[in-house]
Amino acid sequence: MENDSHTTSDHSECAQPTDLRRTRINPDFWYPLAWSRELGREKAIDVRFAGRHLVLVRPKNGAPYALDGLCAHRQVLLGKGSVQGDLIRCSGHGLRYNRDGQCVSPNVSTKAPCLRLKTWACREKGGLIFVFMGDQSLADKIPFPDFPKVEDRKYRTRRFGEVVNCHYSFMHENLMDMNHQVLHSRLVGKMKPRFLGMEHGDDFVEACYTFARTGGKQPLSEALIYGQRRPDGRDFAYRDVMTIRTQYPYQILRIETQGIEEPVMELWISYVPQDREELTNRVFGLLSIKRLKVPFLLDLAWPILVAFTERVFFEDREIVELEQAAWKDLGGDHNQEVFPVINQLRDLLRRCGQAE
Ligand code: FES
Ligand SMILES: [Fe+2]
């Protein structure tokens with residue numbers, strides 16, 4: 001009888017020591033949990049991190065704050081509540097909490113001082129609301145992420161992202177592995193990547209690539225990014241350098257090209273586990289594109305760029321979700337990875353994350 005090539009035993013000799021897809025993300029970092037635009041003044045929303053509910057509140061005055069997302073009374077979702085001045089009011093029985101998580105409803109609070117919610121360090125920057133998800137005593141010591149191009153007027157930034165049904169490690173690997181150009185060949189033409197080298201340290205892996213177009217026409221969106229029409233790909237082969245860095249737990253992609261001082265594109269991206277098993281993640285991406293010499297040209301062409309990046313993201317999403325589905329079907333990770341950069345990245349994600 002023929003063997004079923006998808007049985008676990010066929011792959012077990014080469015199985016990884018610990019399954020990367022069971023590695024929990026390290027909570028001792030600042031994670032974006034929502035876009036600023038999602039949280040209007042005197043509004044509250046429910047957000048999640050690795051199965052835990054939090055409520056983000058933008059009070060009448062001052063900065064937003066974050067509390068545990070389930071009411072201390074009977075665990076109704078506080079994101080369904082209403083904001084009254086600086087207080088969040090539960091939609092269940094109307095208890096009100098202040099930004100210190102203390103229940104301040106008259107009578108109740110004195111009778112039940114235990115009605116309080118855990119508070120979480122919260123900061124807003126670049127159109128994102130960040131929460132420190134680990135040991136709160138570390139919040140001020142852990143560096144806050146930096147994405148200078150977002151505030152730079154020479155750039156325009158697209159904020160994008162949605163929930164992707166896979167473990168965050170698939171996202172890191174997908175972006176770092178530029179050998180997946182075949183996936184995007186219908187959108188960008190035939191691109192031949194050349195790996196230039198990598199660097200790695202305790203908390204990062206960085207890989208550099210350059211590309212040559214070996215077939216197909218340059219898409220308009222690419223011309224907008226480089227500020228240059230490139231009718232014959234051969235003249236421009238290997239002139240642009242793409243650097244991808246996982247600086248745990250974030251990722252940064254940068255494209256530089258000859259003759260332009262600053263990067264023509266910079267992407268800062270974070271993947272935030274949603275469910276307890278961490279097999280879904282919400283993407284928060286800040287894609288900054290350098291403005292062209294002709295004023296407003298980038299603004300005029302913005303919808304084209306948005307549509308293009310959306311389609312690229314759709315293709316990437318499809319592939320990582322297929323990989324995750326295979327992991328579920330097979331009951332574990334059977335990747336036979338041969339590219340040293342990706343193996344280095346997998347080690348980093350295991351080392352910096354938390355074993356199950
Ligand atoms: S569940 Fe919130 S007040 Fe009762
Ligand atoms: Fe891709």
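Predicted model: local features only at pLDDT ≥ 70, side-chain atom pairs only at ≥ 80, totals over all residues.
## Two domains

Let us start with the overall layout. The domain assignment divides the protein chain into domain 1 (30-138) and domain 2 (148-352). Their centres, taken over C-alpha atoms, are separated by 34 Å. Where the two meet, 16 residues of domain 1 are in contact with 18 residues of domain 2.

## The nonpolar cores

The largest nonpolar core has 83 residues, and L33, L56, V131 and L253 are the ones that touch the most other members. Helix α6 (residues 297-330) makes the biggest contribution, giving 9 residues to this core. Both domain 1 (30-138) and domain 2 (148-352) supply residues, so the core lies between them. A separate core of 15 residues lies apart from it, with A44, L95, C103 and L117 among its members. As a general background, nonpolar side chains in soluble globular proteins tend to be buried together.

H184 and D316 are both buried.

## A look at F284

F284 is found in strand β18 (residues 281-290). Is this residue buried or exposed? F284 has a relative accessibility of 1%, so it counts as buried.

Its surroundings bring in residues from elsewhere in the sequence. F284 and F160 are 124 residues apart in sequence, yet 6.2 Å apart in space from C-alpha to C-alpha. Not counting residues up to four places away in sequence, F284 touches P32, L33, A34, W35, L128, F160, W268, I269, S270 and V272.

## A three-stranded sheet

An open sheet is formed by 3 strands in the order β5-β6-β7, with antiparallel pairing. At its edges are β5 (82-84) and β7 (96-97), each of which pairs on one side only. Strand β6 (residues 87-89) is joined to β7 by 2 bridges, and I88 has Y97 in β7 as its bridge partner.

Most residues other than glycine have a negative phi, and most peptide bonds are trans. The peptide bond from Y248 to P249 is cis, with omega near 0°. P249 lies in the loop between β15 (240-247) and β16 (250-257).

E42 has a positive phi, near 55°, and is located in the loop between β1 (30-35) and β2 (43-49). Phi is also positive for E278, near 65°, in the loop between β17 (265-273) and β18. As for accessibility, E42 is partly exposed, with a relative accessible area of 29%, whereas E278, at 4%, counts as buried.

Notes:
Residues numbered from 1 in each chain as written. Chains lettered and ligands numbered in written order. Heavy atoms only, no water. Pairing = 2+ DSSP bridges. Helix = DSSP H or I, 4+ residues; strand = E, 2+ residues; numbered from the N terminus. Core = buried A, V, L, I, M, F, W, Y, C linked by side-chain atoms within 4.5 Å. Buried < 20%, exposed > 50% of the residue type's maximum accessible area, 1.4 Å probe, protein only. Domains from an automatic or database assignment. Contact = heavy atoms within 4.5 Å.
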